[in-house]
Amino acid sequence: TLERQQIMQQIEEAVAAGSDVSNYVLVAPQFGSVVQRGVGTFGQPGGFKKFMDDAARELTRVCGSGCTAQTFANAKHVFVSYSGGGIASAAALKHGGVPVQINILLDAAYSRPDHVKWLNEDPASRIFVSVSGTSLEGENITGNVVRTVGGEQVTTQVTSLKAAFGKKVTVDAPLAAGQRLRPGDVAIFNIPGAGHTDFVTT
């Protein structure tokens, strides 16, 4: 939830640290448990576009004069998906209707075909980032998943995210201070020791 992830606190801290967030809008759909409840209308043709159109109308209302629905429609769209939210963002990308320039997965479901397809449609102008911790390290990075079956550890090979993107990966380690991603970059890396809740909770 937004409360557990302390989103507003993180925004306030960013402003206090000197970051300019005056030109950004955070739209955060909440699905509960995506795995259990599905992705709602995001899994239907036009579902995500309708959600964004509704959000644009509400944003126009609270923004007041100087803002129109078209203002938000023309803005750059950035997906940031955490955990099972990667399933929802894959569904939204699949059914399209809204241009997305940057797609970020935070310890989210690996190697969804629709994430790969989205990048391949316009690789020169889009940015893809996948950062994983201990829970997805094997799947995202090595393509190996270790599970306990009948009391024994069984290793299963899957298509890793790196393998899915092939030679397009341009960044495979955490960014250095001041390093910026540019259109065309594909960053896929692991943060050793990072727990699942470490990504979005201060």
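Colleague: Which residue in β2 does Ser-81 stand opposite?

Modeller: Ser-81 stands opposite Leu-105 in β2. Please note that this is a predicted model, in which local features need pLDDT of at least 70, side-chain atom pairs count only at pLDDT 80 or more, and totals for chains, interfaces and linings use all residues. Residues are numbered from 1 along each chain as its sequence is written, and side-chain values use heavy atoms, with hydrogens and water left out.

Colleague: Why are β1 and β2 said to pair?

Modeller: Strands are DSSP runs of E with at least two residues, and helices are runs of H or I with at least four, numbered from the N terminus. Two strands pair if DSSP finds at least two bridges between them. Five bridges join β1 (residues 78–82) to β2 (residues 102–106), therefore the two strands pair, and they run parallel.

Colleague: Which residues have the most contacts inside the largest nonpolar core?

Modeller: They are Phe-48, Phe-128 and Phe-165, in a core of 21 residues. A nonpolar core is a set of buried (under 20% relative accessible area, 1.4 Å probe, protein chains only) Ala, Val, Leu, Ile, Met, Phe, Trp, Tyr and Cys residues joined through side-chain atoms within 4.5 Å. The largest share of this core, four residues, comes from α6.

Notes:
Buried means under 20% relative accessible area, exposed over 50%, partly exposed in between (1.4 Å probe, protein chains only).
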